[in-house]
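Please look over the structure first.

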Amino acid sequence: MITVYVKEQSWIARIAAGVLNTRRVAIVINRTIHLHNTSRIDFTGSRAWLLHELKHVAQYEQYGTVRFMLLYLYESMRKGYINNRFEVEARAAEHDTTVLNKYKLL
């Protein structure tokens, strides 16, 4: 089982919220899910949102930190945030509850 950390009131997530022009956000860096303007309870209570972010954790595992970040930025610049293939994959994973057996949230 892989341990994933959830960090509330993250300055990293606050910056991401500003860039994305959204009120609340979750952003993954490696095995940490950074939250802004949402609580851990609300975040984990939204199964689709949780599964979406866990897919990003899996993407970090698959590509490694630096490679994933570079690929993610490249995809975002080329196709935009919504059509970025990593976001498309994460949205597709929002109903795949089998992933919950792989991760332990702390």
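Helix 3 and helix 5 (85-92) are among what covers the buried residues of helix 4. Contact means heavy atoms within 4.5 Å. Helices (H or I, at least four residues) and strands (E, at least two) are DSSP runs, numbered from the N terminus.

This is a predicted model; local features need pLDDT of at least 70, side-chain atom pairs count only at pLDDT 80 or more, and totals for chains, interfaces and linings use all residues. Residues are numbered from 1 along each chain as its sequence is written, and side-chain values use heavy atoms, with hydrogens and water left out.

**Helix 4**

Which residues of helix 4 are buried? They are Phe68, Tyr72 and Glu75. These residues sit on the same side of helix 4, because they cover an arc of only 65 degrees around the axis. The arc is that of the directions from the helix axis to the C-beta atoms. The other side holds exposed residues.

| Side of helix 4 | Residues |
|---|---|
| Exposed (over 50%) | Val66, Arg67, Leu70, Met77, Arg78 |

Just after helix 4, Gly80 has a positive phi of about 90 degrees.

**Largest pocket**

The lining of the largest pocket has 27 residues; Leu20, Ala26, Ile27, Tyr72 and Tyr81 lie nearest its centre. A pocket is an open set of points on a 1 Å grid over the protein atoms alone, where a 1.4 Å probe fits, with protein on both sides within 12 Å along at least five of seven lines; lining residues have an atom within 4 Å of a point. Helix 1 (11-20), strand 2 (25-29), helix 3 (47-63) and helix 4 (65-79) each give the lining at least two residues.

Key: Buried means under 20% relative accessible area, exposed over 50%, partly exposed in between (1.4 Å probe, protein chains only).
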